[in-house]
Each structure stands twice: as structure tokens, then as C-alpha cells.
Amino acid sequence: METVFQTFHQAQSRYAGPLLATTLSPIPPGDDRTLLRRFHGESNVFSIHDDIQKYIKARPSYLPHPEASAWIEIYVAYWKALGEILRAETGHHRDDWAIKVYEAWKEILTLLIRGYSPTSGFEAWTMPCLYTVGKYLRVFAIKADEEQSKTDGEPVKMELDGLGDDVMDSVEKNKWLEDAARVINEVFRLCISDRAPLEDSRKWGIYNTTNLLFKTYFKLNSIGLCKNILRALQATKADLPPIESFPKSHIVTFKYYVGVIHFLDEEYVRAEESLTEAFHMCHKNAHRNKELLLTYLIPTHLHTSHTLATPTLLSTRLNLHYIFYNLLRAIRRGCLADFSNRMMAHESSYVKRRIFLSLERARDLCVRNLLRKVWLLEGGKENTRVKIGTFAAGMRCSMFYSAWTPNPSPSPSDDEGETVSEEYVRAEIDAMMEDDEVECLIAGLIYKGLIKGYISRDHGIVVLNRKGEAFPGTGV
């Protein structure tokens, strides 16, 4: 215990919040892996209060009596939570061990929040303690939901970063995480409602706490609750310090989540702004963070500027190369069948990252590039009038060629294992790509500004722009 409380008193004397937060971590420091086990083993349930009081009040000049008493209660709760964690690690636990750990850890955060009341008077520099305890409360809540689902015999809905939208039947499966979100939201209110002068205000912890809430709400698939947080921040923006005054780590994470929220709302211009700012502020060695940002920036650019990520950019990031390279190549070449194949092949990855619908809408770029090729074959700028039937033939040709290009995947087959006939494939493609459907596609592209021209229905032709670019963004 002496080691922990030496750190405690050092932090109090230096007003070092991050150092103080290390004394409330469930993970021992790397240079002393047995610290927490020793801390818990040096006392028992009958004497823990007196033991901690002895260490905290050993230097009474640092802390007023109400504040010292609050810290004593917090470290007593911390000792009890460590006991639950250690019992779980050694295998001496019941089936509800994860819930016991969560509830014990929740008590620490509840007491910490209470410590910022006027009675106890915790100062703003101790705010890192709230974030550290809140961060692990979220972790323990997720583990409690996992273990409870095993006990109940139901698979838990645990998707990466809380993908998808709100799902009503997952309420019970996320019971503890929802409870954690409510407690962390109290921390947010504690920060945003502080009326102390800025130099001594808890508002300096607002973005770190907001990021923790975003992570929790994303895991819960409750993106709508994130928007409530953004509205609260916007309403008190005049009373908050400028965002540039906060640590870069807080800003980058905040901008990332704001960008993703705008992305999911299909506000691609605002998403691009936030994600680009976060990307430029990332540390040069934060490769994982940059990869996460590019996961949304690449689809965003498809909509805002109709630009594709370069092979050089993807080649240095294997995960992005795997999910994007072939799809973007299909768009660049105007190959509709390859585009559809890649969307199907990586559907689970795209859905997991919430980018499937955004990428599916990029099919228009693939069609635009295909029609551009057809136009160039028809003479390009020398011929500004192209029959709709010619464009339709080009689209059918593209799909037919791709369907019969050799590839490692098995060929389509019927129930008896025989290869589908060429005539059958051609008939299917002809049925899918009738001239009227192609005309509708072209009308949509003209409306979206991907083609400059108009359709003459009386003559069944597309009249393309002669003076400027007929296909904006492609150079022709």
C-alpha cells in the first residue's frame, strides 16, 4: 500500500492528474506487475478503512478533512474492486463474477463523481481519474454483458465499435453497458455544467469525456445519443475553452467520431472536413488511427470530389488495400460486374464498418466511367450524339465480358453441378439492362452532374456537351 499512496501524495503535491489516475487503474504498472496484488493482500475487509485512512491522513497538510474522507471512501471501494478482479483472475469466482467486478468498479466512479460536490471539493486537475475509471467501467460492462449472455445461453451482440443502428431486441444483451453509459453521462454533465473560472474548470475534461461517451454509444448502436451530446456541446460552445486549447489526442478522437456521425447522416462535406482535420493532426506514427480515418475518408471523397484513392496510398496499408483496391479499380475501369462482385465479396467488412451503402452509391461513378469509354469509342469530342442503345450495348458488353473472364472463384452452376450456359448468362444480362433502364441511369447521372448533356427521347440519343467536359472530373 505504501507504494500506491506515495504516488498519491506525489500527485497531490504536484497537482498531477494523470499521475493520480494511475493509482486507480485495474492494471498494474509494467515495472511492478505484482503491485495491485500486494496492495490488496496487505489488508482485509475489517481493517481496510483504517489502513487507508492512516496512509491518506499521514500528511494532513495536503488535504482538508472532507476531501481526505472522500478519497478514503474511493480507495476502500478500489480495494474491494481489486478483490473481485483478483478472484476472477485466480479462478475463485462464481458465474456472475463479471457482474460483481462491474458493480464494484461502478462504485468507484460513483464516489468519484460525488467527490466533486461542494462538500468534498475535488479540484479540476483530478479529472483524469474520472476518465481512467470511466474507461475501465466501459470495459467491465462489455465483459459483464458477454458473460451474462453465456449464462443465459444467448449470443451477445458484440460488433466492432457498435455497428449498425439502434436494435430493440439487443436491450437486455447490453444491459450493463447501457448502465455504464448512464454513469459516464453523469461525468459529462459534471464537466459541462461547471461554472468555475476556466483556469480551474472541469470543462477541460469535456472532450475526453465526450470521446468516452461516443465510444460507448457506438458500441450500443445508439448514434442518435451521440447527436444529443453534440447539441449540448454546441449550446454551451461560448462557455467552453477553444477546442484548439485541448490536447491533440482529445481533438483527433473527437473529430473522428464527429466525422463518422456526419458520414452516417450522409453529410459528406461536413464529414470530409472533420475527418481531414483529424487526419492531418494525427501523429505520424499513429498508423492505426490513420487507417481508421481513411476507412471513412476514402468513401467520403467518392461523393464529395469523385476522386479515388491512389494505389500508392493503399499499398502501404494492407487492411485498406484488401477491402478497397479491387473495388476502386473496378470503378476506375468502369467494370460493373467486377464492382458488384467486389461488393458481394467484402459485404461483411463493409457492413461492419458502416460504409456499405456509401460505397454502393459509388456505383454511379462506375457507370459514368463505363459510358465515358463507350463515348470515346464512338469518336469522343468528334461525336456528341450517342444512341442510348449504344450505351446499353456497352453496359451489356461490360457485364458479359466480366462474367466470362477467368477468375479463381468457382463458376456459377446449377443443382447438378454443371456450368451455366453462355446463352443463359447473355439472356440474363439482356433482361437486366434494357434500353429504358439505361436511359433512366443516364438521366440520373445528368441530374447528379456526372454527365453534361441531355436526352432526346424522340430520337433515342444522348446529346453531350460539346464545349466543356462531357464527363466532369475525367478530363474529357
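1. Let me start with burial. In this predicted model, buried residues account for 47% of the 476 residues in the protein chain. The secondary structure of the protein chain comprises 22 helices and three strands. As for how the chain folds back on itself, take the contacts with a separation of 6 or more: 65% of them join residues 24 or more positions apart.

2. In soluble globular proteins, nonpolar side chains tend to be buried together. Here the largest nonpolar core has 138 residues, and the members that touch the most others are Ile56, Trp71, Tyr75 and Trp105. Helix 5 (residues 65–90) gives this core its largest share, with 13 residues.

3. Which residues does Trp71 touch, leaving aside those up to four places away in sequence? The list is Phe8, Gln12, Leu20, Leu24, Ile56, Leu63, Leu112, Phe122, Thr126 and Cys129. Ile56, one of these partners, is itself among the core members with the most contacts to other members.

4. From helix 6, the contact uses Ile99, Tyr102, Glu103, Lys106, Leu109 and Ile113. Helix 8 answers with Trp176, Asp179, Ala180, Val183, Glu186, Val187 and Leu190. Sorted by class, the contact of helix 6 with helix 8 holds nine nonpolar and four charged residues, with no polar ones.

5. Helix 13 (residues 287–304) and helix 15 (residues 318–333) form another pair, with an angle of about 15 degrees and axes 10 Å apart. That angle makes helix 13 roughly parallel to helix 15, and helix 13 passes helix 15 in a left-handed crossing. On the helix 13 side you will find Glu291, Leu294, Thr295, Ile298, Pro299 and Leu302 in the contact. The helix 15 side supplies Asn319, Leu320, Phe324 and Leu328. In the contact of helix 13 with helix 15, seven residues are nonpolar, two are polar and one is charged.

6. What angle do helix 10 and helix 11 (residues 248–264) make where their axes come within 11 Å? They cross at roughly 120 degrees. Helix 10 and helix 11 are therefore oblique to each other, and helix 10 passes helix 11 in a left-handed crossing. Ile223, Cys226, Lys227, Leu230 and Leu233 of helix 10 meet Phe254, Val258, Ile261 and Leu264 of helix 11. The contact of helix 10 with helix 11 has eight nonpolar residues and one charged residue, and no polar ones.

7. Tyr15 is not a glycine, yet its phi is positive, at about 55 degrees. You will find Tyr15 in the loop between helix 1 (2–14) and helix 2 (17–21). Asn221 also has a positive phi in a residue other than glycine, near 60 degrees. The loop that holds Asn221 runs between helix 9 (206–219) and helix 10 (223–235).

8. Asn221, at 2% relative accessibility, counts as buried.

9. Buried means under 20% relative accessible area; His346 has 7%, so it is buried. Setting aside residues up to four places away in sequence, His346 touches Tyr322 and Ile323. Both of these partners fall within the residue range given for helix 15 (residues 318–333).

10. To finish, have a look at Trp375, which sits in helix 19 (residues 363–377). Its relative accessibility is 1%, so Trp375 counts as buried. Which separation divides the C-alpha atoms of Trp375 and Phe471? They are separated by 9.9 Å, although the two residues are 96 residues apart along the chain.

Technical notes. Residues are numbered from 1 along each chain as its sequence is written. This is a predicted model: local features need pLDDT of at least 70, side-chain atom pairs count only at pLDDT 80 or more; totals for chains, interfaces and linings use all residues. Side-chain values use heavy atoms; hydrogens and water are left out. Axes are lines fitted to C-alpha atoms, for helices over the stretch in contact, and angles run from 0 to 180 degrees between N-to-C directions. Helices (H or I, at least four residues) and strands (E, at least two) are DSSP runs, numbered from the N terminus. Angles under 35 degrees count as roughly parallel, over 145 as roughly antiparallel, 65 to 115 as roughly perpendicular and the rest as oblique. A crossing is left-handed if the near helix is turned anticlockwise from the far one by less than a right angle, and right-handed if clockwise. Contact means heavy atoms within 4.5 Å. Ala, Val, Leu, Ile, Met, Phe, Trp, Tyr, Cys and Pro count as nonpolar, Asp, Glu, Lys and Arg as charged, and the others, Gly among them, as polar. A nonpolar core is a set of buried Ala, Val, Leu, Ile, Met, Phe, Trp, Tyr and Cys residues joined through side-chain atoms within 4.5 Å. Buried means under 20% relative accessible area, exposed over 50%, partly exposed in between (1.4 Å probe, protein chains only).
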